[in-house]
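Open the model in your viewer and keep the selection tool at hand. The tour below goes from one selection to the next.

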Amino acid sequence: LPIYEYGFSFFHTIFWSFQSMFPTALALIQEKEIVWKERAAGSYRLSAYYLSKCVSELPLIVVYPAIFFTITYWMGGMRAGPEFIYSLLILWLISVAAQSVGLFIASFVENQKTLISTAATTLLTCMLLGGFFV
């Protein structure tokens with residue numbers, strides 16, 4: 001593969017990882033107190049909240065990366081064919097995984113400052129161990 005295809009893939013992976021993780025995690029930090037009060041009152045179970053949050057944000061996690069990727073893929077001069085579909089599917093999986101990691105991290109931190117540093121450190125560690133810097 002040409003070197004620009006590696007850079008293109010790296011940029012999209014990192015951009016959509018951060019873009020999927022942070023808004024979801026920051027929203028959970030703000031909602032956490034309300035969720036615990038409603039759970040204490042017996043309004044719903046935590047699994048119902050988690051599933052509803054993931055399902056309600058799924059269109060954003062799928063549509064925005066698809067629009068962005070479709071435009072930039074062809075502008076970047078990438079290969080036509082099944083590679084486009086494979087790359088888009090991988091980008092969707094990365095976005096959903098980053099959203100889940102963001103929810104996981106937000107569930108055990110107390111404030112936004114800690115959340116941002118912990119989430120950024122986690123993503124950078126995954127980049128390092130994933131071989132992106134090699």
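Which residues form one aromatic cluster with F8? Select F69, Y73, W74 and F84 together with F8: these five residues are the cluster. Bear in mind that the model is predicted.

F8 counts as buried, at 14% relative accessibility. Y73 is buried too, with a relative accessible area of 2%.

Y73 and W74 make another edge-to-face pair, 4.9 Å from centre to centre with 85 degrees between the planes. W74 is partly exposed, its relative accessible area being 43%. Across the whole structure, a search finds 14 aromatic pairs.

Next, select residues 3–40, helix α1, and residues 112–130, helix α4. How are the two helices packed? Their axes lie 11 Å apart, at an angle of about 155 degrees. Angles over 145 degrees count as roughly antiparallel, which makes α1 roughly antiparallel to α4. The crossing of the two helices is right-handed.

To see the contact itself, show the side chains. On α1, pick residues including F10, I14, F18, F22 and I29. On α4, those to pick include L115, I116, A119, L123 and M127. Colour the whole contact of α1 with α4 by residue type: 14 residues are nonpolar, three are polar and none is charged.

Technical notes. Residues are numbered from 1 along each chain as its sequence is written. This is a predicted model: local features need pLDDT of at least 70, side-chain atom pairs count only at pLDDT 80 or more; totals for chains, interfaces and linings use all residues. Side-chain values use heavy atoms; hydrogens and water are left out. Axes are lines fitted to C-alpha atoms, for helices over the stretch in contact, and angles run from 0 to 180 degrees between N-to-C directions. Helices (H or I, at least four residues) and strands (E, at least two) are DSSP runs, numbered from the N terminus. Angles under 35 degrees count as roughly parallel, over 145 as roughly antiparallel, 65 to 115 as roughly perpendicular and the rest as oblique. A crossing is left-handed if the near helix is turned anticlockwise from the far one by less than a right angle, and right-handed if clockwise. Contact means heavy atoms within 4.5 Å. Ala, Val, Leu, Ile, Met, Phe, Trp, Tyr, Cys and Pro count as nonpolar, Asp, Glu, Lys and Arg as charged, and the others, Gly among them, as polar. Rings of Phe, Tyr and Trp (its six-membered ring) pair if their centres lie within 6.5 Å; planes under 30 degrees apart count as stacked, over 60 as edge-to-face and the rest as tilted. Buried means under 20% relative accessible area, exposed over 50%, partly exposed in between (1.4 Å probe, protein chains only).
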